[in-house]
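This report describes selected features of the structure shown below.

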Protein chains: 2
Amino acid sequence: MFTSDTFDLDPRLEADSFHMTTMDGCQIRLMNDARFPWLILVPEVANVSELFDLPHEKSTKVMALAIKLGAEMRQKFGADKINIATIGNVVKQLHIHVVARFETDEAWPGPIWGVGKPIPMTDDEKHKRIHSLHMSLGHMTASPDVL
Amino acid sequence: MFTSDTFDLDPRLEADSFHMTTMDGCQIRLMNDARFPWLILVPEVANVSELFDLPHEKSTKVMALAIKLGAEMRQKFGADKINIATIGNVVKQLHIHVVARFETDEAWPGPIWGVGKPIPMTDDEKHKRIHSLHMSLGHMTASPDVL
């Protein structure tokens with residue numbers, strides 16, 4: 001499943017999401033799905049599919065970042081619930097989902113993975129989401145790449 | 001949704017799982033579903049539904065425990081993948097799922113939540129699972145309650 005000793009982003013993750021920024025060796029990417037405000041975090045470490053494959057310090061940092069972004073997303077998007085998960089049954093490269101959920105969204109109250117088809121964001125939707133997260137990310141790092 | 005300042009386990013979580021042990025103020029419970037080796041971790045903190053509602057130190061500890069148990073479950077059960085998630089759209093009380101997944105399980109490669117109906121374990125299945133995790137938990141604490 002892995003073919004390199006250097007980190008290469010899985011092409012399916014790349015196709016499905018936009019790179020916002022990289023913090024502490026972890027890519028923060030916005031999934032291209034208008035249905036849900038949805039980030040994935042991808043540690044830039046080769047050959048890793050589970051959180052426990054990372055060094056302890058690294059997994060702690062990645063999860064702390066996911067939790068912090070979850071708190072920001074709840075506030076910025078007025079979400080009813082935040083779902084944080086590492087599933088990876090299809091795309092094995094480790095990625096952590098942080099999803100803002102609403103009682104009115106199409107998958108509620110079930111999980112979002114494998115439900116329906118992604119609806120690509122319009123440029124306007126994309127920029128609104130990125131703008132909503134910009135200040136949060138701005139606290140932590142330089143401007144997101146996609147602005 | 002919450003009615004008390006003291007921690008009370010949500011009755012749905014209680015009905016669906018067995019208490020194995022409590023570590024560092026976090027219940028480790030085995031879900032009563034023969035289809036998947038499946039733990040939930042429930043921090044004994046009142047009025048908490050999100051990881052970011054916990055003090056930072058506490059959320060770090062809970063996630064470190066989930067990751068450690070995930071590693072043990074992969075090994076003990078020979079799992080193809082470990083899924084770690086906090087969803088909580090239905091039962092709001094914070095609980096973290098740690099699930100051993102197999103390419104042959106009935107929900108693969110989708111997530112397990114909301115898929116099909118739980119199949120209660122036989123006593124034999126229950127004891128086998130608990131026994132498989134016993135040594136792992138034994139490294140960390142006293143014997144699980146349900147042995």
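Two strands are taken to pair if DSSP finds at least two bridges between them. The model discussed here is predicted. Its scores are ipTM 0.92 and pTM 0.93. For chain A the average pLDDT is 92, and 90% of the residues score at least 70.

Strand 1 (residues 17-23) of chain A runs antiparallel to strand 2 of chain A, and six bridges join them. Within this pairing, Met23(A) stands opposite Cys26(A) of strand 2. The two strands form a hairpin with two residues between them, in which Asp24(A) takes a positive phi near 55 degrees.

On to the next pairing. Strand 2 of chain A also pairs with strand 3 (residues 38-43) of chain A, in the antiparallel sense and over five bridges. Here Leu30(A) has Leu39(A) of strand 3 as its bridge partner. This second hairpin has six residues between strand 2 and strand 3 of chain A.

How many of the six residues of strand 2 of chain A are buried? Six of the six residues in strand 2 (residues 26-31) are buried, so the strand is largely enclosed by the rest of the structure. In a regular strand, side chains alternate between the two faces of the sheet. Both faces of strand 2 of chain A are covered: Cys26(A), Ile28(A) and Leu30(A) are buried on one side, and Gln27(A), Arg29(A) and Met31(A) are buried on the other.

**Aromatic and charge contacts**

Over all chains, the structure holds two aromatic pairs. A pair of aromatic rings is described by the distance of the centres and the angle of the planes. The table lists these values.

| Aromatic pair | Centre to centre | Angle between planes | Geometry |
|---|---|---|---|
| Phe36(A) and Trp38(A) | 6.3 Å | 70 degrees | edge-to-face |
| Phe36(B) and Trp38(B) | 6.3 Å | 70 degrees | edge-to-face |

In chain A, both Phe36(A) and Trp38(A) are buried. In chain B, Phe36(B) counts as buried because its relative accessibility is 0%, and Trp38(B) counts as buried because its relative accessibility is 7%; the cut-off for buried is under 20%.

Charged side chains also meet aromatic rings. The charged end of Lys126(A) sits over the ring of Phe18(A), 3.9 Å from the ring centre. In chain B, the charged end of Lys126(B) sits over the ring of Phe18(B), 3.9 Å from the ring centre.

**Pocket and cavity**

Rolling a probe the size of a water molecule over the atoms shows where empty space is left. The largest pocket has a volume of about 700 Å³. It is lined by 28 residues, of which Trp38(A), Val90(A), His97(A), Trp113(A) and Gly114(A) are the closest to its centre. Helix 1 (residues 11-16) of chain A gives the most to the lining of this pocket, with four residues.

A search of the whole structure finds one cavity of 30 Å³ or more. The largest cavity holds about 60 Å³ of space. Which residues line the largest cavity? Its lining consists of Leu51(A), Met63(A), Ile84(A), Ala85(A), Thr86(A) and Ile96(A), together with Leu51(B), Met63(B), Ile84(B), Ala85(B), Thr86(B) and Ile96(B). The elements that give two or more residues to this lining are strand 4 (81-86) of chain A and strand 4 (81-86) of chain B.

Terms used: Residues numbered from 1 in each chain as written. Chains lettered and ligands numbered in written order. Predicted model: local features only at pLDDT ≥ 70, side-chain atom pairs only at ≥ 80, totals over all residues. Heavy atoms only, no water. Phe/Tyr/Trp six-rings, centres within 6.5 Å; stacked < 30°, edge-to-face > 60°. Buried < 20%, exposed > 50% of the residue type's maximum accessible area, 1.4 Å probe, protein only. Lys NZ or Arg CZ within 6 Å of the ring centre and 35° of its normal. pLDDT = per-residue confidence, 0-100. 1 Å grid on protein atoms, 1.4 Å probe; cavity = no way out; pocket = protein on both sides within 12 Å on 5 of 7 lines; lining within 4 Å. Points joined across faces, edges and corners; volume = space filled by probe spheres on them.
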